[in-house]
Amino acid sequence: MTAGEQDGPPVAGQGAELVRGVSLWQDAWARLKRNRMAMIGAANTLLLVFLCFLGPIAVRAVWGYGYETQDLAYGARPPNAEHWFGTDFFGRDLLTRVLYGGQISLTVGLLAATVAATVGTLYGAVSGYLGGRVDNLMMRIVDVIYALPYMFLVIILIAIFQATNLVSLFVGLGMVGWLMTARIVRGQILSLKEREFVQAARSMGVSGPTTIVRHLIPNTLGPIIVYFTLTVPSMILQEAFLSFLGLGVQAPRPSLGALINDGAQHMTVFWWELVFPATAMAVLLFSLNFVGDGVRDALDPQMRGRG
Amino acid sequence: MTNAPRTERGSSAHTAPEVADALLSVRDLRVHFPVRGRLGGPREFVRAVDGVDLDVPRGRTLGLVGESGCGKTTAGRAALQLLRPTTGSVTFDGRELTGLWRRRFGSDRWGPELRELRQRMQMIFQDPYASLNPRMTVEGLIGEPLVTFRRAQGRALRARVQALMERVGMDPRYVRRYPHEFSGGQRQRIGIARALALEPDLIVCDEPISALDVSIQAQILNLLGKLQADLGLSYLFIAHDLAAVQHLSDRIAVMYLGRVVEEGQARMICHKPQHPYTRALISAVPIPDPAVERTRRRLPLVGDVPSPIRPPPGCTFHTRCPDAQERCRTEAPALRARADGRRIACHLVE
Amino acid sequence: MSAHANTGGAGEPLLRVDDLAVHFETDEGVVKAVDGVSFEVQRGEVLGIVGESGSGKSVANQAIVGLVPRPPGFYPRGRIHFDGQQVLGLSERKLRDIRGNRIAMIFQDPMTSLNPYLKVERQLTELLERHRNLDRRKARTGAIDMLVQVGMPEAERRVDAYPHELSGGMRQRVMIAMALLCEPELLIADEPTTALDVTIQAQVLDLIRDLQARLGTSVILITHDLGVVAGMAHRVAVMYAGRIVEQADTDTLFAAPRHPYTGGLLRSVPRIDSEPGRAIEAIKGLPPNPAALPAGCFFSPRCGRASERCGQVYPDRDGDAGHYVHCHHPLSEGEP
């Protein structure tokens with residue numbers, strides 16, 4: 001056996017080439033690539049991300065104005081050659097504002113979903129792994145928070161964090177969003193814990209934390225990713241809802257929700273103020289949901305036994 | 001689990017002869033699981049294992065057979081300390097294991113000494129599909145015990161894993177493959193290689209072939225036999241397939257409802273069973289030979305296995321025993337040694 | 001005796017399967033699960049079909065009762081005559097009259113074929129009402145009678161139980177009762193005892209053997225367990241990778257197998273009545289992937305007798321209907 005130490009990595013051409021395996025992740029990726037709707041959704045999402053993050057910068061560099069630049073003399077114009085989406089009441093370019101708003105919405109959605117997934121995974125994994133009384137207590141806490149009207153909770157959190165800045169917004173959304181992830185992960189861990197490979201790890205003396213990290217979480221990652229991809233659009237929607245209540249991003253910063261809120265107020269007069277942000281939001285949510293559905297199909301455990 | 005009631009019925013232990021040079025000795029082992037009784041009713045226990053004595057001789061195989069629900073798997077896991085025995089003693093290489101548990105955070109854990117000893121006792125699992133983490137490569141799977149106990153890393157680890165793969169008859173080039181890319185038999189080889197990684201003295205094989213195809217079962221049985229001969233391993237071979245058990249075992253213990261009813265040389269148990277349950281069990285095993293099958297007489301068993309929550313008083317087998325007498329209904333027979341070297345728990349066998 | 005009296009002429013088999021092929025469309029291409037299988041079942045005969053997982057033994061029999069999911073499955077060729085009537089590809093409605101009535105099936109896992117929400121009584125009476133036009137009360141009496149016949153203890157009480165309240169052996173008895181309720185002419189038992197303990201297996205096999213003898217039902221017994229067929233079947237067909245490789249009456253097959261695969265299987269099974277430590281000889285290698293079958297004889301990569309020709313040409317049938325084999329180098333009597 002010690003002779004193997006000098007062998008080093010097997011060299012090609014010596015008959016010792018290693019046969020590469022195809023992991024379940026690679027399998028899932030291959031399936032996702034075959035899913036046309038998901039790929040269109042992903043391409044669209046990437047395009048939107050690109051536009052939202054680079055668009056406002058380009059506009060400022062080329063035309064010298066930003067989402068907050070007002071031109072009161074040029075207020076509330078319908079779409080035209082100069083301003084494709086028209087301008088709002090204060091003469092701000094609506095296209096720039098939609099792109100910037102998309103940027104805010106995407107950021108809030110991603111960060112809030114990340115917070116939710118991280119907190120939820122750790123909480124659920126610990127709860128499910130420890131089991132027994134600890135699990136019982138941890139899950140009752142989740143139940144209690146879940147029973148509270150969550151908007152109320154977000155509003156309180158935002159009030160505690162003072163002012164409605166972006167950080168407090170996504171922390172607030174994330175703090176509520178983790179509940180479902182925690183439940184999903186806990187359920188997965190509970191059933192995985194009884195699987196023979198986890199028992200096998202235990203029988204070999206693998207420690208608790210290592211078991212969680214090496215055996216339990218990788219096998220829960222599928223549902224976590226699926227839930228994450230579906231959480232992003234729902235977080236965007238909730239941010240829009242908060243903006244609707246005036247609790248979201250504060251002016252002059254726009255988010256898609258805030259823009260729709262503004263547009264809805266002037267809907268009868270300045271239609272473009274509602275139509276463009278609303279369309280942008282719809283396209284974004286559609287794309288994200290297609291990606292989410294595709295990821296779910298690709299990772300579907302029922303497909304695993306196939307072939 | 002620790003506050004399970006002491007059993008009121010006669011203990012079968014202490015009459016067992018000391019088997020010379022047993023690597024693993026189990027005495028009066030009991031594993032009782034609490035179950036939720038009816039609302040407001042008294043707390044009840046499933047007596048999964050209820051007073052079991054076993055001896056695994058060094059370098060030999062003890063077969064543990066019985067039908068589903070008889071407690072053989074639980075007995076194997078409790079012997080390995082994968083779950084904490086309720087009462088009883090388990091000695092491995094002369095050391096008592098049951099006292100090495102620690103209680104932490106409200107649950108039972110292995111103490112450091114037990115963790116060290118556990119390296120010398122490994123397990124092979126029944127289902128080669130469920131017992132391998134689907135996200136890990138063969139290298140990760142076989143190498144896990146080596147990494148856990150810091151025996152090897154990097155290139156040395158790869159070399160050790162590949163040597164183990166060759167040992168169990170696998171192509172070492174497949175070290176980076178994943179379990180789902182292998183057939184059931186190959187996966188079971190991975191499981192065996194993993195159990196061998198720490199160079200253990202004892203391996204508990206829990207139904208290692210029952211999930212495999214017929215033509216593959218023989219390959220795995222032969223592999224286990226060869227590994228034993230090469231490495232001097234001791235096996236506790238748990239299975240319901242009596243023919244396979246007799247093939248590999250030196251001695252066989254037959255369990256019924258949490259207890260050993262008969263134990264002895266494999267040949268004796270299979271060819272001249274004495275306990276009424278063993279006799280019925282052996283007679284029910286089909287033999288792949290039509291001429292023999294035509295002339296065999298089956299000893300039918302009536303009824304079902306009673307619940308292990310409230311096992312019948314006296315001999316637990318009396319509800320199904322064709323020869324049961326009054327004494328069997330009241331008095332539990334002890335597992336007593338006979339002149340021919342086997343042990344039987346039955347009032348009716350002289 | 002059966003309600004459908006012997007209508008066919010003497011010697012006409014109850015079931016004749018001719019060159020049956022069942023293929024499946026999959027991502028990896030067409031899988032030939034069954035490819036050119038022919039066999040007959042006489043009235044009152046027990047035919048054992050032996051094979052490992054993936055040998056096509058179950059699929060072939062699902063085709064008889066039209067249970068192959070289509071798509072992805074399809075029948076490129078073949079004919080199945082049941083009592084003189086061609087049944088392959090029959091409409092679902094016509095099949096339903098045959099299935100459960102004239103041909104019944106027993107599966108490995110009784111839990112999957114019993115409706116967990118229905119009492120035992122309802123599972124049984126439903127069939128009687130559908131196929132026999134009995135009213136509810138008569139059907140209940142019939143159901144209890146049948147449970148008594150299959151040896152269900154306390155049948156009067158158990159008829160009102162739900163499947164999950166019964167033990168595995170009792171569930172399998174209910175399944176058999178369901179199968180025999182309409183006095184079928186053919187019973188297809190697909191690994192009927194694989195999920196059961198040996199003592200229960202013995203009970204169930206005794207029951208099937210007893211009922212078969214009493215009712216004169218023909219039985220197809222599908223199993224991987226050579227011990228089970230040895231005690232049950234009159235004739236045995238051995239399947240490998242979607243084809244029958246050898247067929248003979250049971251005594252001949254066990255005493256003088258001609259296909260190396262059959263011989264290998266017999267030598268690889270440990271026997272309870274043998275001396276401990278007797279060597280068992282494993283067949284090397286793995287069963288082939290049905291999506292990528294080897295050229296020539298499918299068993300040739302694992303066969304010790306294989307010659308160059310075996311890797312090129314699939315062997316023709318050798319022998320008569322009593323005992324035939326598909327092999328270029330069959331074993332002769334007494335040969336290992």
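D35(C) is buried in this predicted model, with a relative accessible area of 8%. D35(C) still finds a partner, forming a salt bridge with R77(C) whose closest N and O atoms are 3.4 Å apart. D35(C) sits in strand β2 (residues 29-41) of chain C and R77(C) in strand β4, so the pair ties together parts that are 42 residues apart in sequence. R77(C) itself counts as partly exposed, at 35% relative accessibility.

- Over all chains, the structure holds 53 salt bridges.
- One of them joins the side chains of D143(A) and R183(A), at 2.6 Å from N to O. This pair links distant parts of the chain, with D143(A) in helix α5 and R183(A) in helix α7, 40 residues apart.
- D143(A) is partly exposed at 27% relative accessibility, and R183(A) is partly exposed at 29%.
- In chain B, D230(B) pairs with K226(B), with the closest N and O atoms 2.8 Å apart. Both belong to helix α6 (residues 214-231), and because they are four residues apart there, about one helical turn separates them.
- K226(B) counts as exposed at 51% relative accessibility, while D230(B) counts as partly exposed at 41%.

**A bent helix in chain A**

- Helix α9 (residues 208-244) of chain A has 37 residues, yet its end C-alpha atoms are only 46 Å apart, short of the 54 Å a straight helix would reach.
- α9(A) bends by about 45 degrees at I217(A), and the proline P218(A) follows within four residues.
- Just after α9(A), G246(A) has a positive phi of about 80 degrees.

- D28(B) has a phi near 50 degrees and lies in strand β1 (residues 22-35) of chain B. D28(B) is buried, at 11% relative accessible area.
- D83(C) has a phi near 55 degrees and is found in the loop between β4 and β5 of chain C.

Note on methods. Residues numbered from 1 in each chain as written. Chains lettered and ligands numbered in written order. Predicted model: local features only at pLDDT ≥ 70, side-chain atom pairs only at ≥ 80, totals over all residues. Heavy atoms only, no water. Helix = DSSP H or I, 4+ residues; strand = E, 2+ residues; numbered from the N terminus. Expected span 1.5 Å × (residues − 1). Bend = angle between axes of the 7 residues up to and from the residue. Buried < 20%, exposed > 50% of the residue type's maximum accessible area, 1.4 Å probe, protein only. Salt bridge = Lys/Arg side-chain N within 4 Å of Asp/Glu carboxyl O.
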